[in-house]
Amino acid sequence: MATRVGILTGGGDCPGLNAVIRAVTRRALDLGWEVAAVREGWRGLVEGLVEPLERRDVSGILPRGGTILGTSRTNPYKVDGGIERVLETFQREGLTALVAIGGEDTLGVAARLYAEHDFPVVGVPKTIDNDLNGTDYTFGFDTAVFIATEAIDRLHTTAESHNRVMVVEVMGRHTGWIAVMSGIAGGADVILIPEQPISIDEACADIQRRHERGKDFSIVVVSEGYELEGAHDADDVDEFGHVRLSERGVGAALAQEIERRTGYETRVTVLGHVQRGGTPTARDRVLATRYGLKAADLVEERKFGRMAALHGDRIVDVPLKDATAELKTVPPDWFAVAKAFFG
Ligand code: F6P
């Protein structure tokens, strides 16, 4: 049977998606396969949004942010008859394999489809949050850290001019990977993350100690998922059960609290979706390209239910179910590197 491989991108977009799409497509076409674009994540298979993907469609997309396929947070397990429709579309379109590029939600669906329906799917680990298990790094993370670091550098100069405390709220959902890495790279004076939370008392003590040493400004990085008294979740959840963490306003609440307790003038910057936009770093382009080629190789070897992964410097493959079973949090030794520079 001829191979016709579909590609979909699901969940929040991130820089490097197009580099994966290009790599899978180029390798697939070189092998004589047909390639199909599945539009807007799992919604594309539920609603039959599938069309051919040719070499010219992936030409020039390597450095482009976003995804040429579109994305969504559609969960076919939450749509009436969703899984039947996914399987029907797959068959009707003559697809023989699927490359799903996504994070824990998109790949969680892939793992379940494989387990329950022997669905021929392989995964590629995407997310700026870097919270996916089974791989050292997801693509998109390096770019987000680069953008956050640049912002911290810029905030340093204005903080210093005004003798202010600058609070920077970064994304990352329930893990503090972006906060810790950009905080280390940007020389943050305090970093607050969900999985190893320091208290506001400790944060204020660090800032005060710094000021007593004659440093009249401070940079505080906080993850959007840091649990802060007074910062509440909105009621709506998406189809995967996630609340919108940006709605909590953790950065603003923290800035207010720091100013109230220390008396130092404090401002907040919420970086938001800027962290997900624009062109990927060279490192993410290379990682995404290697992941894409590996995904095509997994299809060729019929190693379904697996995900391309980075272990050290090697691209390997791991079971999708292991990668999606639980979140990868920041380990204590990483946080210790950041903490060595607090205060
Ligand atoms: O998972 C990526 C991410 O950017 C998180 O860091 C953030 O909490 C969430 O997506 C934001 O989602 P949305 O783009 O739907 O607002």
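Modeller: Two strands pair if DSSP finds at least two bridges between them. Strands (E, at least two residues) and helices (H or I, at least four) are DSSP runs, numbered from the N terminus. This is a predicted model, in which local features need pLDDT of at least 70 and side-chain atom pairs count only at pLDDT 80 or more, while totals for chains, interfaces and linings use all residues. Residues are numbered from 1 along each chain as its sequence is written, and side-chain values use heavy atoms, with hydrogens and water left out.

In strand β8, Val-222 has Leu-192 opposite. Three bridges join β7 to β8 (residues 218–223), and the two run parallel. Both belong to an open sheet of four strands, in the order β7-β8-β6-β9, with parallel pairing. β7 (190–192) and β9 (266–270) each have a single partner strand and stand at the edges, so one side of each lacks a neighbour in the sheet. From one strand to the next the twist averages 20°, with axes taken as lines fitted to C-alpha atoms and angles running from 0 to 180 degrees between N-to-C directions.

The protein chain has eleven strands and eleven helices in total. Its radius of gyration, taken over C-alpha atoms, is 21 Å, close to the 20 Å from the globule rule for 343 residues, so the chain is as compact as a globular protein of that length. That rule is 2.2 Å times the number of residues to the power 0.38. The C-alpha trace spans about 75 × 40 × 30 Å along its principal axes.
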